[in-house]
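Here is a short briefing on a single-chain model.

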Amino acid sequence: MVDLEIQVPAAFDPFSEAKDSGAPGAKEYVHIRIQQRNGRKSLTTVQGLPKEFSYEKIVKALKKEFCCNGNVVQDKELGKVIQLQGDQRKNVQSFLVNAQLVRKDQIKIHGF
């Protein structure tokens with residue numbers, strides 16, 4: 001048998017430069033989730049909006065647009081999170097895209 005020297009490269013990340021720069025491939029996502037409360041009650045959470053936005057103004061506009069209650073919660077791990085009453089996932093997505101706060105490909109919707 002012939003011994004072959006094979007070198008296995010270490011963990012190479014071809015997108016490491018893109019993550020460091022502000023390239024289009026390195027984007028942060030806005031996560032829209034639904035949490036089931038009790039019975040038919042549910043809660044919609046929006047996490048990952050850019051920090052330069054005024055969360056209070058966004059919540060005020062969302063509450064007025066969708067006729068629901070909501071608030072901003074400070075989380076230790078996630079930072080500021082917007083909470084809205086009811087299942088508002090599709091409504092929030094269309095609102096954020098129409099207001100040009102984020103692009104549609106930057107939004108991830110989670111839930112059942």
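**Confidence**

Over residues 21-26, pLDDT stays under 50, and the model has four contacts beyond four places in sequence for this stretch. The model is predicted. Where pLDDT is low, predicted coordinates should not be read in detail.

- The chain has a mean pLDDT of 84. Of its residues, 77% reach 70 or more.
- Helix α1, residues 16-20, has the lowest mean pLDDT among the elements, at 50.
- Helix α3 has the highest, at 96.

**Nonpolar core**

- The largest nonpolar core has 17 residues.
- V30, V46, L49, L62, I82, V92 and L96 have the most contacts inside this core.
- Two or more residues come from each of β1 (30-36), α2 (55-66), β4 (79-85) and α3 (89-98).
- The biggest share is that of α2, which gives five residues.
- In soluble globular proteins, nonpolar side chains tend to be buried together.
- Which residues does V46 touch, leaving out those up to four places away in sequence? V46 touches V30, H31, I32, V81, I82 and V92.
- Of these V46 partners, V30, I82 and V92 are also listed with the most contacts inside the core.

**The aromatic pair**

- The count comes to one aromatic pair.
- F66 and F95 form this pair, in an edge-to-face arrangement. The ring centres are 6.2 Å apart, and the planes make an angle of 75°.
- The angle counts as edge-to-face because the cut-off for that class is over 60 degrees.
- The pair links distant parts of the chain, with F66 in helix α2 and F95 in helix α3, 29 residues apart.
- Is F66 buried or exposed? F66 counts as buried because its relative accessibility is 17%, and buried means under 20%.
- F95 is buried too, because its relative accessible area is 18%.

**Around F95**

- F95 is found in helix α3.
- Not counting residues up to four places away in sequence, F95 touches A61, L62, E65 and F66.
- One of these partners, L62, is among the residues with the most contacts inside the largest core.
- E65 lies 30 residues from F95 along the chain. Their C-alpha atoms are separated by 8.8 Å.

**A charge over a ring**

- What lies over the face of Y29? K108 does, at 4.6 Å from the ring centre.

Methods:
Residues numbered from 1 in each chain as written. Predicted model: local features only at pLDDT ≥ 70, side-chain atom pairs only at ≥ 80, totals over all residues. Heavy atoms only, no water. Core = buried A, V, L, I, M, F, W, Y, C linked by side-chain atoms within 4.5 Å. Buried < 20%, exposed > 50% of the residue type's maximum accessible area, 1.4 Å probe, protein only. Helix = DSSP H or I, 4+ residues; strand = E, 2+ residues; numbered from the N terminus. Contact = heavy atoms within 4.5 Å. pLDDT = per-residue confidence, 0-100. Phe/Tyr/Trp six-rings, centres within 6.5 Å; stacked < 30°, edge-to-face > 60°. Lys NZ or Arg CZ within 6 Å of the ring centre and 35° of its normal.
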